[in-house]
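Work through the exercises below with the structure in view. Try each task before you read its solution.

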Amino acid sequence: MAVRPVVHVGHPVLRQPTREVDPRTIDSPDVQDLIDDLIDTMRHENGAGIAANQIGAELRIATIEVTRNPRYPYKPPIPLTVIVNPVLRAVGDEMVAINEGCLSVPGLRGVLQRHVAVEVSYLDREGRPHTEVKRGLTAGTFQHEVDHLDGRMIVDRIDPATFMTWEMYKRFHRDAFVTRITDFAARIGS
Ligand code: ZN
């Protein structure tokens, strides 16, 4: 188990759609060690989630966890979830504007549109299949991580007029965003 360096926008591995994991290999030391490294790195960086290609591994695996996160104090908690070979499907067509950042895009944030509800199918780290509906900011986090696994990043989705540094986010945008998104989360659940 180890904290590994997070690669940043511009690294080709972030643009490479990741490879499906052969379910028979999920219990192998290689895959289990990668999952442990993803969890350690996500927690070390205070990320809400991390995808394998963000630490240079080209497998379709991501981890998600939101506890009390100083980067995202407004996010409802998500228990530690390991998603192997995730498939996302939008549920309904309602969208929500979210101000997002990314560990691989240091210092920058911006506003993008996410589906309010998605159904996600995946295998967990024991290889057991799950199909669950996620809503609200939790749905946004799942969309963010699956985007990474497809070689997509927030810079592709952010309205360019809304790019901002973390410093300017805190100074000019955070309070209004947190108020709006807290009301939204109370209405929509997670
Ligand atoms: Zn990211």
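**Exercise 1. Aromatic pairs**

Task: State how many aromatic pairs the whole structure holds, then classify the pair of tryptophan 166 and tyrosine 169.

Solution: 
- Keep in mind that this is a predicted model.
- A search of the whole structure gives two aromatic pairs.
- For tryptophan 166 and tyrosine 169, the ring centres are 5.8 Å apart and the planes meet at 80 degrees. Planes over 60 degrees apart count as edge-to-face. The pair is therefore edge-to-face.
- Now place the two residues. Both belong to helix 4, residues 166–188. They are three residues apart there, so about one helical turn separates them.
- Ring pairs join Trp166, Tyr169 and Phe177 into a cluster.

**Exercise 2. A charge over two rings**

Task: Find where the charged end of arginine 109 sits relative to the ring of tryptophan 166, then do likewise for tyrosine 169.

Solution: 
- The charged end of arginine 109 sits over the ring of tryptophan 166, 4.5 Å from the centre.
- Arginine 109 also lies over the face of tyrosine 169, with 3.9 Å to the ring centre.

**Exercise 3. The zinc site**

Task: Which residues coordinate the zinc ion, and through which atoms? Are histidine 144 and histidine 148 buried or exposed?

Solution: 
- The zinc ion is coordinated by Cys102 through SG, His144 through NE2 and His148 through NE2. The distances run from 2.1 to 2.3 Å.
- Along the chain, the donors follow the spacing C-x41-H-x3-H.
- Histidine 144 and histidine 148 are four residues apart in helix 2, residues 136–149, so about one helical turn lies between them.
- An α-helix has 3.6 residues a turn, so residues three or four places apart point the same way.
- Histidine 144 has 10% relative accessibility and counts as buried. Histidine 148, at 1%, is buried too.

**Exercise 4. Helix 2**

Task: Compare the span of helix 2 with the expected one, then decide how enclosed helix 2 is.

Solution: 
- Helix 2 has 14 residues and reaches 21 Å from its first C-alpha to its last. This is close to the 20 Å expected at 1.5 Å a residue.
- Of its 14 residues, 14 are buried, so helix 2 is largely enclosed by the rest of the structure.
- Just after helix 2 comes glycine 151, with a positive phi of about 80 degrees.

**Exercise 5. Salt bridges**

Task: Give the number of salt bridges in the whole structure, then describe the bridges of aspartate 150 and arginine 89.

Solution: 
- The whole structure has 15 salt bridges.
- Aspartate 150 bridges to arginine 60, with the closest N and O atoms 2.8 Å apart. This pair links distant parts of the chain, 90 residues apart. Aspartate 150 is in the loop between helix 2 and helix 3, and arginine 60 in the loop between strand 1 and strand 2.
- Aspartate 150 is partly exposed at 31%, whereas arginine 60 counts as buried at 10%.
- Arginine 89 bridges to glutamate 119, with the closest N and O atoms 3.3 Å apart. Here strand 3 is linked to strand 6, and the two residues are 30 residues apart.
- Arginine 89 is partly exposed at 46%. Glutamate 119 is partly exposed at 23%.
- A network of salt bridges links Glu100, Arg114, Asp147, Arg152 and Arg157.

Notes
Residues are numbered from 1 along each chain as its sequence is written. This is a predicted model: local features need pLDDT of at least 70, side-chain atom pairs count only at pLDDT 80 or more; totals for chains, interfaces and linings use all residues. Side-chain values use heavy atoms; hydrogens and water are left out. Rings of Phe, Tyr and Trp (its six-membered ring) pair if their centres lie within 6.5 Å; planes under 30 degrees apart count as stacked, over 60 as edge-to-face and the rest as tilted. A charge sits over a ring if NZ of Lys or CZ of Arg is within 6 Å of the ring centre and within 35 degrees of the ring normal. Donors are N, O and S atoms within 2.8 Å of the metal (3.2 Å for Na, K and Ca); water is not among the atoms, so sites may look incomplete. Buried means under 20% relative accessible area, exposed over 50%, partly exposed in between (1.4 Å probe, protein chains only). The expected span of a helix is 1.5 Å times one less than its number of residues. A salt bridge is a side-chain nitrogen of Lys or Arg within 4 Å of a carboxyl oxygen of Asp or Glu.
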